[in-house]
Amino acid sequence: MTEVHTRGAIEAILMVVDEPVAAADIAAALDATVETVTDALVALRDEYADPDAPRGFELREVDGRWRVYSSRLYADAVGAFVVEGQSARLSQAALETLAVVAYRQPVTRGQVSQVRGVNVDSVMKTLSARGLVTEVGEVGGALQYGTTTEFLERMGLASLDDLPELAPYLPDLADVDGEGR
């Protein structure tokens, strides 16, 4: 397959995926090497990001997987179109809870409650229903939670390493009473 056809095939695949896809999965579908596909993905990402010819979409790598997203340059227009007056915002309690989970994962509900000083059961259910947190394990009979790929996508992060430096302001889990609550 020529480079032009490879790039075209990758674009076609990216247009039909509903979640980020690994370069290896694209390579398998195209009977190409992962290196060839990765090189093409990087070239497409850079081409779409050309500041002299801004596009309404961009190609991003999120947690080692690739997907086409609407451009951040036009986030206001897309938000107005998609939301149409509906409130898609998270409450302050949900944002605080999500921040604790993001910075301290894996974490139990009890640990999050200790950090926030309030019961977070209903907020955790809401965040889970919205696909922002998920169960990632268990410790001492208590479920542990972490953020999802959906969280990374919505926050525009490639990985958790891209979170702003806030962790020093949160208490260490070892200092938090109520482990397993």
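## Close-up views of a predicted model

View 1. Residues are numbered from 1 along each chain as its sequence is written, and side-chain values use heavy atoms, leaving out hydrogens and water. Arg 45 forms a salt bridge with Asp 46, their closest N and O atoms lying 3.3 Å apart. A salt bridge here is a side-chain nitrogen of Lys or Arg within 4 Å of a carboxyl oxygen of Asp or Glu. Asp 46 is partly exposed too, at 45%. Counted by this rule, there are nine salt bridges.

**View 2. Arg 7 reaches Glu 47 in a salt bridge.** The closest N and O atoms of this pair are 2.1 Å apart. Arg 7 belongs to helix α1 (residues 3-16) and Glu 47 to helix α3 (residues 34-48), so that the pair links distant parts of the chain, 40 residues apart. Helices (H or I, at least four residues) and strands (E, at least two) are DSSP runs numbered from the N terminus. Arg 7 counts as buried because its relative accessibility is 18%, whereas Glu 47, at 33%, counts as partly exposed.

**View 3. Glu 153 and Arg 67 join side chains in a salt bridge.** Here the N to O distance is 2.8 Å. Glu 153 sits in helix α8 (residues 149-155) and Arg 67 in strand β3, so this pair ties together parts 86 residues apart in sequence. Glu 153 is buried, with a relative accessible area of 12%. Elsewhere, salt bridges with shared partners join Arg 7, Glu 47 and Arg 55 into one network.

**View 4. Three strands make an open sheet.** Their order is β4-β6-β5, with antiparallel pairing; two strands pair if DSSP finds at least two bridges between them. Strands β4 (107-108) and β5 (133-139) are at the edges with a single partner strand each, so one side of each has no neighbour in the sheet. Six bridges connect β5 to the antiparallel strand β6 (residues 142-147). For Val 133, the bridge partner in β6 is Thr 147. Helix α5 (residues 92-104) packs on the sheet and touches β4, β5 and β6, contact meaning heavy atoms within 4.5 Å. The direction of α5 makes about 90 degrees with that of β6; axes are lines fitted to C-alpha atoms, for helices over the stretch in contact, and angles run from 0 to 180 degrees between N-to-C directions.

**View 5. Leu 73, Tyr 74 and Val 78 make a nonpolar surface patch.** The patch covers about 280 Å², with accessible areas taken from the Shrake-Rupley method with a 1.4 Å probe; for residues, only the protein chains shown count as cover. Patches are made of residues with over 30% relative accessible area and no salt bridge, joining like charges within 9 Å and nonpolar side chains (Val, Leu, Ile, Met, Phe, Trp, Tyr) within 5 Å. Leu 73 lies in the loop between β3 (65-70) and α4 (75-83), and counts as exposed because its relative accessibility is 64%.

Methods: Predicted model: local features only at pLDDT ≥ 70, side-chain atom pairs only at ≥ 80, totals over all residues. Buried < 20%, exposed > 50% of the residue type's maximum accessible area, 1.4 Å probe, protein only.
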